[in-house]
Amino acid sequence: MTLEIQLAIIVGYLLLALVIGLVAYRLTDRTAEDFYLASRTVGTIVLLFTTFATLLSAFTFFAGPNLAYLYGPEWILVMGVMDGLIFAVLWYVIGYKQWLLGQRHRYVTLGEMLGDRFASKRLRGIVAGASLFWLFPYVMLQQAGAGTALEALTEGAVPYAAGAGLITLFMILYVVLAGFRGIAWTDTLQGAFMLVTTWVALLWVLAVVGGPGVATSGLEATASEHLALGSAYYSPQFMLSTAITIGFGVAMFPQVNQRFFAAGSKEVLKRSFALWPILCLLLFVPAFMLGAWARGLETGISVAEIEAGGNVLPLILAEFTPTWFAALVIAGAMAAMMSSSDSMLLSGSSYFTRDLYRPFVESAVSPRREDVIARVGVVVFALSTFVASLYNPATLFELGDAAFSGFAQLALPVIVALYWRNTTRTGITVGIVGSQLFYLASVFTAVPSAYAGWSAGLVGMGVGLVLTVGVSLLTAPAADEQRAIYFEGLEGD
């Protein structure tokens, strides 16, 4: 009966999200702009929570608590404090400028904006290609997270492949039907739900074990090094490298970056980024402290089990909370993974249709036909990542970290292009390609993955900045670049 209750709660929650998507489908215009951006009418609360829920992924709920379990709760400083502040600043520095340009030129994707600025179809394709390449492992991460979570919660009764397949099926149905409007509505529900359930889970576990004092004493007895700052794992170089690459990478994630275009007004953007750091702390503190305290509790969880790919969060919930509540939290976590995956699939589809199909295959595609192609693209991309996730080639942290750092390589060339009118087509193209090649070499070849403790992802960002500025200084702008038109009237905003 226990298994039936668990599955009923999880499937019931996912069906609720699907129902909301069906309602949104009835209100959605059959145009690409409405499908991708809800016709640019998103308000403050919905923009804040849809961005928040979009980033609530398997990386947050499983990789983060695992790291806190293995190495200590300093992970809160990386994700909860530094990343919250970094992305809030970038939300304004990049997001506000993009919103201004999107309002003027009706841009839908980052590649569309840069391709227009530099009159370069090739640059547009490069940005889309790099984004889709790094999006692939991050969608895989959600499917792998769902598979391992359900397998752990049901003690193997639901195998990994079935859990990964379940979330894949729901996110295909949901995205194809709902579009951005339905995603944004459901994200708002899911973001609020996850904040509440994560705090309730923390308080419930602490109440069962005897309070935070008892939990901390157990952690001190088992792994006293977790209570001191500056462990071998959390070196200053690691923490800064990780925080910077994640913060800048988030700003370039297609599903996040496109939300800069969707805001209903500049006031919406400004209110949203001001509230962002608060939301980060409210979520990451309970999630990561659960992982850290689990190390000192008598749970039967072993370090070897977590290092081998297990997830501490469902295991500790199964140990200290009732079956129905553990299933409810995991259902919410799976819904959070779906809220990441659905937005990724939607944005990935827009990058394919707007930046690859349109310029290279059919430039005169009708809005209706583009809408159909976008929905088919969602299905193909989701099934491809599902098949890849069955091989589970890396840990959740490795998958997430690679994607964050890959996207971070785009950030500095984009900022330079947004603020420096002397950026040239050759400069930004060389900057993006050079930093991407450098980082790819560190991931897939013998090129070092760190330099004096600083990650290759961070070093690659520096390479991209130097190349963009240096090559732009050495090259003349092309005659067809929209320099004056592009910047006119934006400096004072």
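What percentage of the 493 residues of the chain count as buried? The share is 60%, where buried means under 20% relative accessible area, exposed over 50% and partly exposed in between, with a 1.4 Å probe and protein chains only. The structure is a predicted model, in which local features need pLDDT of at least 70 and side-chain atom pairs count only at pLDDT 80 or more, while totals for chains, interfaces and linings use all residues. Residues are numbered from 1 along each chain as its sequence is written, and side-chain values use heavy atoms, with hydrogens and water left out.

The chain contains 21 helices and two strands; these are DSSP runs numbered from the N terminus, with H or I over at least four residues for helices and E over at least two for strands. Of the contacts (heavy atoms within 4.5 Å) between residues at least 6 apart in sequence, 87% join residues at least 24 apart.

Helix 17 takes in residues 367-389. Its 23 residues should span 33 Å at 1.5 Å a residue, and the end C-alpha atoms are 33 Å apart, which agrees; the expected span is 1.5 Å times one less than the number of residues. Among the buried residues of helix 17 are Ile 373, Ala 374, Val 378, Phe 381, Ala 382 and Thr 385, as well as Glu 370, Asp 371 and Arg 375.

Two loop residues come next. Ser 120 sits in the loop between helix 6 (110-117) and helix 7 (121-153), and counts as buried because its relative accessibility is 8%. Beyond its neighbours within four places in sequence, Ser 120 contacts Gly 115 and Arg 425. Glu 225, in the loop between helix 9 (212-223) and helix 10 (236-252), is partly exposed, with a relative accessible area of 45%. Although Glu 225 and Tyr 71 are 154 residues apart along the chain, their C-alpha atoms are separated by 8.4 Å.
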